[in-house]
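Hi,

Here is the structure I said I would pass on.

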Amino acid sequence: MKAQLLFFMALLFAGTSWAQTQVSGTVTDKSSGESLPGVTVVVDGTGTGVFTDLDGRFSLQADPSSDALVFSFVGYNTTRIKLDGNTTVNVKLESGVALDEVVVTALGVSREKKALGYSVQELGNDAFTQAKTENVVRSMTGKIAGVQVTSGTSIGSSSKILLRGASSITGDNQPLFVVDGVPMDNSDYSTANQQRSAGGYDYGNAIQDLNPDDIESVSVLKGPAAAALYGSRASNGAIVITTKSGAGYQASGKRGLGVSVSSSVMFNDVYVLPDYQNSYGGGPGTAWVDTIGGHPIPDYGYDGSWGPALDGTLVRHWDSWYDYEGDEDFGVARPWAPTESDVEEFFQTGVTYSNNFSVTGASDVSSFRLSYTNHNQTGVYENSSLNRNTLSFAGANQVSEKLKASVSANYVQSIGEGRPLTGYGESVMSQFTQWGQRQLSMDRLRNYMNPDGSHRTWNRNSVTDASPHYWDNPFWERYMNVQNDQRDRVFGNITLNYQINDVFSLMGRALTDFYIDRREERIAVGGVREPYYSEYTRQLQETNLDAYLNFVKDLNDDLNITGFLGVNRRIRDYKSLGAYTLGGLNTAGLYTVTNGASGYEVLDYQDQKVVNSVLGSVSLGFQRTLFLDITGRNDWSSTLPTENNSYFYPSATASYVFSEVVDIPALSFGKVRVGWAQVGNDTDPYRTGVTYAINTNFGSSGSATVPNAQNNPNLRPEITSSFEAGVEANFFLDRLRLDFTYYNSTTKDLIFNVPVSAASGYSSTVLNAGETNNKGIELALSGTPVMTEDFRWDIGFNFAKNQNELVSLADGVENIRYTSLFGVTLEARPGQPLGTFYGYDFLYDDAGNKLVDDDGFYLYTDEVVPIGTILPDFTGGVNTTLQYKNLSFYALVDFQKGGSIHSYSNQWGKYSGTLAETAENNIREEGIVVEGVYASTGEANTSVIGAQDHFFANQGYVIHAADQYDASFVKLREMRLDYNLPSDMTSGLPFSNISVGVFGRNLAILHKNVPHIDPEVATSASNVQGFEGGQLPAERTIGINLKFNL
Amino acid sequence: MKMNKQLFLLMGLIGAIAFTGCRKDFEEINTNPNEPTSVSPGFLLTASQKRIMDEYYDAFWGSRRGMQLAQYWSSNQYSNESRYRFRVETANGAWRDFYAGPLADLQRIIDLNTDTPEDVNGFGSNANQIAVAKLLQAWTYQHLTDAYGAIPMSEALMGVENTTPAYDDQATVYTNLLTLINDALSGMDGGAGPSGDQIYGGDMDMWTKFGNSLKLRVAMRMADVSPAAAQAAAEQALGTGMLIVGNEDNALFNYLPGAPNNNPINEDYKTRNDFAASNTMVDVLASLNDPRMGAYYAMNADGEYVGEVYGLDEANAALTPNAAVSQRAEGILAGDFPGIFFDAAQTHFLAAEAAERGWTSILSAEEHYNAAIGLSMNFWGIDDEAAIADYIAQADVAYGTAAGDWKEKIGRQKWIALYMQGYEGWAEWRRLDFGILQLPADGVLEGDGIPHRMEYPLDEQTLNNASWSAGVTANGGDALNTPLWWDVN
């Protein structure tokens, strides 16, 4: 063992002994012979690089015996030159073909970007590792046109990603994630309550298991045209991720081992907190409840702040009643005054350490990469943490001249503990904002337990009754009601490639994604909620078996043909077993299901789904200017009725590089593309048969019910048809780059579990419910305004506008409802966008004045009416990179215009008197005359109403539109500064390619229209969005990175 | 040539994989292993009976609405509902849990016994299973129509065949109720009663009594607007002599002590204590020195019975310490407090009313009145017959001397006896106009005065708009004050 370790260490140092020498040369244009300034020269496989100077000269440190240099310049063919011992390299670059950019497309096929008839955008590793987050989805925010990301806060929380907006009312609209060919599960198992911000833990979506350090590139295939070959799950697009392997290392000519290390430290702090009032304390009214020993007694049990003015009167605070030895607060009256330790003191600075260590190796016939990453995070909530370990291996071996074998295997263990509760009524913010007493001191609350183990809460029932009325001490919640979770995940593939001859090759592969997800939740004895313990274990495995016959043939000089014919069998197995206690816990502190005071309940469930597919693709290229792709796929799904379970869907796309044919001044590249595609979709298992739901026995009697959801034996597959067209054009030797796309897609026969009038005997019924349309534009514009020998300035802009609509619904269905909370529903009706809020609205006169009744209270509609939609008008981002020699600066601002959210923090915070506006303008002392006119006379309102009456009756509690807000924002999303140490500074050290960086994420909200909260609301990755309740405050991240090779 | 061979081999392989068990095993794969495809109808009956009562005593439907509408309880905090701001969305749950719950389960019992009788006749005779299911449906529909007025009934429970069922106006609902009850009563055969019956253990004689008593109640409620039909039905029911006339006949759902089979009031009380005794009821009981006081309410910290003022605003309600007012009695907060479908006292009050209306009854109005009071006392654990006699003998209670006309006399005592059947107490207040109920002390928040019906749940507005709209028209509005069809005066 020891000897092996020594050998390994020796290998490491062998890797560092490559001699670094000065290598120099000149770069010229191949046709004109003129020197080229600003060409990027990089030592291949490293981050070391320089630009050529005004005369096209460059000079850098490299190892002439093994290194290769890569020369790249917009508008020119990227050229790779192996040094082979030379220290002088003069290069002639060929112009005009630099856009033979290769991107990864469906089924992992690398294609020339110019040949594609649809939009593909790619992000490299830097986008994910230079300003890390715990969820790779978050790193995509603002970087690609038409990609909308909304994220929760707190450790390991959810991130929802939409490509081209929500196109369907079904499922969650999330794209399919594919890692090295493995379709990855992205479930979050969020509860319905959690989705609508009504409580529960946010466990995040499972794609966060991906390790940013292992990502080589990410291709975003936005439309169904791009993803038709992945089948139904890709109808919302696909995100195709290629992980690092040893292949690049091997191809660069390196042999032996290379080691690289990357470390980050990040600090998280909350930065969006409500504006609170600090004039009045807790209580239902300004009167004291009682006077004891000459001191007033506040109403401890009331969870609102309409109490007496915080004028310094000496009162008996909640914590003056604990008669324990040494308790200095017992019996002492203290001033009734604004708190000296407010809500922000509840939070701490969260710290994250992320360390990656990887070894890459290659021989003439094989290569591998082995990587280990540890992500160790403590949250801004005390006693919360997330610890993730990732081990990944990728290897390839050329077994014979014709046979190549490769394997990749990843193991991820993710352990969360002490996640904060979310949503209305459960999140800690609920008792600070929605229902709270403003005079409370966090410092004092931190002492949450008496010496005898009993609970100390501010919300005691009365002087004599210390038990909690509605709320636990927030620190009790942190330290006593602790959840924990663990997910162990293995995914990978085994692939064999057999080159039959020059034309045909055969690939067979097996891919699997498997995890066990275990969650435990606890409620301690002594708090307000019934003591409880639950554990839930979920096991998911998806296995795909593929075989493809690929062919490539140049039919003549002008025409080439490539394509494949393949089969796929997908098997998805899900099992879950959960158990929870009933009636409390017998023994405090013992968290087992058998400790339930009235026993326990067990829930077990399993489902299976199999889809068989035959698919094929043919691509024709003519004179390298005109390209045509045709694909077809037929699926057989186990989830549909036998007579309807087979469905075929084709696609056809074309692209034409007109700049090869027409000469337009200043245009260096131009292409138009057009495509049409269909994607079919099946449904969840078990939606076609009749079954009964079994209840807990009543005594010894069995109990069963007809399920609330009615199944449908006549379901048909749903089909999405989409059209896409676009143009790409580069000008001034590619210094200005434009990519524009228009798309329009229609989904028919949507399969949806439609909520219906319960008077039908069911609360929902599974139907082919209707038709939706989704259309929009995407624009990406980037340029390089300045480029000199040492300095380069890039700026990029992306913009997307998406419109969707529910076109029609099946007979007998009036609307599609996603969810509702406190009378506000999120639904879709024909002719309206998917995701429209309904609620009561103010009444207005013709001049737009709000109407009031004769007492001065706002009037509202008789029926619920549309009061907003979650659909934004447009989204986008602006980024810029400044690079001076080895120093680079990057900044990203992203924005959303429009879209609407319903805020319960605002609604209840006004109702309960915690927010600033409930004590402004002397409203409590003098009341308020609301702006409006009398409905009876049309005269301006002059009636004074009390503050409490105003905030009870004129707000979202009664008139929902009052707390519906515009979700527009402009955010400074990301900034970073990176420095690559010049290799001459590191010569002689055992390290090379050292880079250091500082970065910040979510640095500031530059603009928003909703008070008190962050307009970006997400508590799950589900389709239910836009309800904000007890929002956990947004967090800002500041971090530093260090990377180097050994 | 060699390549072709390889190709054929390959295509064969592809075909083999693609069609391995393609269609046949799909049906098996898509058969739900988690839930049965058939169950004993007895399981459905048990669930239906429990779920009707679960909703009747639900925190929002039963406690915040029913028990406060009858002013049996007051809010000690968050008092909006006691001042008639209910918010229509809080009725969604009850609507769903009655229709898509027990009503649908009972319909399935009827359908199974109609469509595949031989599959289910081992769980009681087909006719008797259907009869019991219909009676429980009738009970539930009456409960719903008395809260709302027009409701979906003749087009309800058809699933995907009609996802937007029309509303029947209340007159039609009442006609349909009598038909449903008559069908049930005439349909019973001499076979075995249904299995899974938690109320009567499958005793069909008891279900006959239940059916006739329910028919009497339905008839009496329409007595002021459809007197001829009401009289005919009531006399039919009374004429059988098979009614719930003793407490041993009571239709009770006997909850068990622990979750999830405990009374919902008990479950709610574990985490919240939002209600106290209402002064409306406590004052009446105190003035009559009513022996039921201790069974209804607990004494306050000073050992007295003090009701919390009904309809305080939030600040005032919160300022009344819990220790200062009477709370709900311990027995009512217990997990095994039974759900009451029908009790003998009601039958006698109805029979007394029949006599007063000049219909053929069993005993005289006064005899029924006295019997009803005595049976109520017995039900609440007061067995001292002398004390009961003394109570009845006092001038304010005695039938001959109590104040007001027969409606007020019967109404007042019936309201006292209907404690824990909030909706029935409220319904009889609307019908018999006996006063007593007071306006909320700190004012009415929605509507005008004490409500005469509930506003429809928000879900119906958004999921069944056209039918809802027609239903509103049939009622003459969707306001809290819109009187129901049978609510004249």
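This is a predicted model: local features need pLDDT of at least 70, side-chain atom pairs count only at pLDDT 80 or more; totals for chains, interfaces and linings use all residues.

I picked A:R624 for its backbone. Its phi is positive, about 55 degrees, and yet it is not a glycine. You will find A:R624 in the loop that links β30 (600-622) to β31 (626-637) of chain A. A:D749 has 19 other C-beta atoms within 10 Å, so it is partly exposed.

The peptide bond running from B:A259 to B:P260 is cis, with omega near 0 degrees. B:P260 belongs to the loop between β2 (251-253) and α11 (264-269) of chain B. Why flag these spots? Most residues other than glycine have a negative phi, and most peptide bonds are trans.

Now for chain A as a whole. Its secondary structure consists of twelve helices and 56 strands. The radius of gyration of chain A is 31 Å, close to the 31 Å that the globule rule gives for 1046 residues, so the chain is as compact as a globular protein of that length. Along its principal axes, the C-alpha trace spans about 95 × 70 × 70 Å. Of the 1046 residues in chain A, 51% count as buried. Looking at contacts in chain A with a separation of 6 or more, 68% are between residues 24 or more positions apart.

One sheet in chain A that I went through strand by strand is an open one with five strands and mixed pairing, in the order β10-β15-β16-β13-β14. Its edges are β10 (120-124) and β14 (182-184); each has a single partner strand, so one side of each is left without a neighbour in the sheet. From one strand to the next, the twist averages 25 degrees. At the β14 end, β13 (residues 176-179) of chain A pairs with β14(A) in the antiparallel sense over three bridges. A:F177 has A:M184 in β14(A) as its bridge partner.

Then there is the place where the chains meet. The contact takes 77 residues from chain A and 71 residues from chain B. On the chain B side, α1 (2-18), α2 (24-29), α3 (41-56), α5 (92-115), α14 (314-318) and α21 (458-463) each supply at least two residues. The largest share of that side comes from α5(B), with nine residues. By class, the side of chain B that touches chain A has 36 nonpolar, 22 polar and 13 charged residues.

Finally, the confidence scores. Chain B has a mean pLDDT of 93, and 95% of its residues reach 70 or more. For the model, ipTM is 0.93 and pTM is 0.83.

Definitions and conventions
Residues are numbered from 1 along each chain as its sequence is written. Chains are lettered from A and ligands numbered from 1 in the order in which they are written. Two residues are in contact if their C-beta atoms, placed from the backbone, lie within 7 Å. Helices (H or I, at least four residues) and strands (E, at least two) are DSSP runs, numbered from the N terminus. Ala, Val, Leu, Ile, Met, Phe, Trp, Tyr, Cys and Pro count as nonpolar, Asp, Glu, Lys and Arg as charged, and the others, Gly among them, as polar. The radius of gyration is taken over C-alpha atoms; the globule rule is 2.2 Å times the number of residues to the power 0.38. A residue is buried if 20 or more other C-beta atoms lie within 10 Å of its own, exposed if 12 or fewer, and partly exposed in between; C-beta atoms are placed from the backbone. Two strands pair if DSSP finds at least two bridges between them. Axes are lines fitted to C-alpha atoms, for helices over the stretch in contact, and angles run from 0 to 180 degrees between N-to-C directions. pLDDT is the predictor's confidence in each residue, from 0 to 100.
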